[in-house]
Amino acid sequence: MPSAHQASRRYQPRGVAVSGVGLALSGLVLSACGSSTTVNPAIPAAEAAMAAGDITCIDGRIQAAGSSAQANAITEWVNVYQTACPQSTIDYQPVGSGAGVEAFLSAQVSFGGTDAAVEGEDLDNAFERCEGNPAINIPLVGGAIAVVYHLDDVDSLVLDPSTIAGIFSSEITRWNDPAIVALNPDAALPDAAIAQFHRSDSSGTTANFSDYLEATAPDDWDYDTGKEWTAPGGQGARGSDQVSASVAQTPNSIGYVELSYLIDAINTKPVSIDQGAGPVEPTAQNASITLSTSPSFTEDGNIVLDIDYTTTVPDAYPISIVTYEIVCTAGLSDNQNPALVAEFLTFAASDSGQELLGQIGYVPLSGGLLADVRASVGVVMQGAGR
Amino acid sequence: MSLFTPPRITGSSVRPGDRNFRFTTTAAGIGVLGVLAAIAAFLIWQSIPALQNNTGNVFTNQQWLPDADPPEWGIAVLIFGTLWTSLIAMVLAVPIGIGTALFITFYAPRRIARTLGFVVDLLAAVPSIIFGLWGLYYFMPQIVPAAQWLSSYLGWIPFFSNDLDLYTKSILIAGFVLAIMILPTVSAISREVFWQVPKGHIEASLALGATRWEMIRMAVLPFSRPGMISAAMLGLGRALGETIAVALILSAVFEINWQITEPSGNSIAANIALKWGEAASNGRSALIATGMALFFITLVVNMTARWVVNRRRDFSGAN
């Protein structure tokens, strides 16, 4: 059964983790039936990772929980790792960042996944949870937020931060607004109302997107940042899957979703963003440039990235995000299997692990940031006695 | 002076079976009250922290930022949305539900009546997520032209007007879907009530030369009025608490908007479903506080219904 289970997990389209668990479960059961004769598609990736020496097997089981934004990345890593190491089980519950950090701090899970780095009081509390050792944030999963639109006669659309802020705060309400026309002189923009979609649920995507608007268009965006959408107007939809579906279904609409929702999207096209260095398309490669050129705070393995939203580096896609794993540098109890945690993180930070991310709509880390991340994982390895 | 005096019951004649049964039923009754009290206590207990550090007025504030610093949130928008969507659902569902029940009971040939009754009851068995997805992906595109028609021809009625020229994710759509969801409740209970109208009343009115409509108006409806009110109130209870379908369909914007064809609306239950996953501790406490508000609204609705039913009973002419 485990192999069928893994195979079916692999077939899940992105986004199941975000919406109803019940749906996701029933989907698992259904596709598990259908895929009983199919070859596990994680096998080639697992073989490649083994051959590259990026996977070292540790038997046992760990529980982890946290951010749903990184759930599909972790699921992918888990599939490959478990395929290579049939004796290990890694169970990541996408319960949300807040709940994940809480579960980590109360020692219910071996590590937590979180959209925002754990800092301040929570990080101090983690000291106790790790038996007197510091806990660290490791940025492992890069991502990007794409602004997507649905205009039947417009094949490419360029916007700048202040226009995006105008659209999403209902200051710009029609597609033939002079501000949009000025950026797209050749596009056949319709004389139609803009149907703007945002997230109706609390979401890290909303937090990152509104942070971006506040940083890049402070004159046009004076709403709260955070997980709740506070700008007036627009329509809320639950989860990125439904924002994406709503944009696909509604002509003349616009919304913001995670990059992975661009893969085989019908009717939705990505907006290229121009911050002064020319229009940049949302791709994993372009977002990776922003991540590796952003300043980061690094101390004893703890890495907190301060993403440079206003970047004008050529080809750097500005609305990039990174999500973290919060882990103990040492002091994890034996039944939470510190060795497996360390080896799993090592695989995730390896070339094979990061390469997998690019294939499923996440952003692989690169450059100096990746080197720092590997050093942090090294600290965890050391703490686990490996 | 009765003709028959029952034998006097002495203490010794109470049998163990009677005693045990009485005890069991009493325990069940008290248990239900206990559970209800425990829920109320839990809601109050858990919502205290968020109520204490809220910097907005809980009844009038129209923001939802319980995890911000300082926290600021209020339930006005949620209560408005909950009541407004439910009201629209009631306006649509109650006449249709009662009409269906009357048709099944008094007009339809027996075979059709049984099939139709079964089909209506079947609606109650459809999970609400299905209604939500159906409403979002199938029904919404279909109803947009109707909403456009409403706003362009009846736009002079304030709540049909549409200033945004956008017609999706509206309270109207949510009201329609909710109406379909509460229809089986309203219809099934009304049907049960109509069956209980004394045959004597019906036959007497027909014998006096009443048409079928007159019979329904004079014999059935007065007798059934309390029951129909109960049916409507049970439907309302379901509409108030409906979560996932509303969460999917409504736009969930934090503003009070009477215009039912514009994208807007929110409800207590939907807001809990949408915000719980990413809420921190104060956010959860605030969500529980809204749950407490819904609990008391439902309580008030049910108590009002019971009061109406009791008051009407005296005048129904049925007893």
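Two residues are in contact here if their C-beta atoms, placed from the backbone, lie within 7 Å.

**Where the chains meet**

**Chain B as a whole**
- Chain B contains 10 helices and 2 strands, and its order along the sequence is α-β-β-α-α-α-α-α-α-α-α-α.
- A box of roughly 80 × 55 × 30 Å, taken along the principal axes, holds the C-alpha atoms of chain B.
- Of the 319 residues in chain B, 41% are buried.
- Counting contacts in chain B with a separation of 6 or more, 74% link residues 24 or more positions apart.

**A helix pair in chain B**
- Helix α2 (residues 76-107) of chain B packs against α5(B) at an angle of about 35 degrees, and their axes are 6 Å apart.
- The crossing of α2(B) and α5(B) is right-handed.
- In the contact of α2(B) with α5(B) there are 22 nonpolar residues, 8 polar ones and 1 charged.

- In soluble globular proteins, nonpolar side chains tend to be buried together.
- The largest nonpolar core in this model has 192 residues, and A:Tyr81, A:Val327, A:Val341 and A:Leu345 have the most contacts inside it.
- Helix α5 (residues 171-195) of chain B gives this core its largest share, 16 residues.
- Setting aside neighbours within four places in sequence, the contacts of A:Val341 include A:Ile62, A:Phe111, A:Val327 and A:Ala384. A:Ser110 and A:Leu332 are also in contact with A:Val341.

- The average pLDDT of chain B is 88, and 94% of the residues score at least 70.
- Among the elements of chain B, the highest mean pLDDT, 94, belongs to α2(B), and the lowest, 87, to helix α10 (residues 281-313).
- Residues 315-319 of chain B have a pLDDT below 50, and this stretch has 7 contacts in the model beyond near neighbours in sequence.
- Where pLDDT is low, the predicted coordinates should not be read in detail.

Definitions and conventions: Residues are numbered from 1 along each chain as its sequence is written. Chains are lettered from A and ligands numbered from 1 in the order in which they are written. Helices (H or I, at least four residues) and strands (E, at least two) are DSSP runs, numbered from the N terminus. A residue is buried if 20 or more other C-beta atoms lie within 10 Å of its own, exposed if 12 or fewer, and partly exposed in between; C-beta atoms are placed from the backbone. A nonpolar core is a set of buried Ala, Val, Leu, Ile, Met, Phe, Trp, Tyr and Cys residues joined through C-beta atoms within 7 Å. Axes are lines fitted to C-alpha atoms, for helices over the stretch in contact, and angles run from 0 to 180 degrees between N-to-C directions. A crossing is left-handed if the near helix is turned anticlockwise from the far one by less than a right angle, and right-handed if clockwise. Ala, Val, Leu, Ile, Met, Phe, Trp, Tyr, Cys and Pro count as nonpolar, Asp, Glu, Lys and Arg as charged, and the others, Gly among them, as polar. pLDDT is the predictor's confidence in each residue, from 0 to 100.
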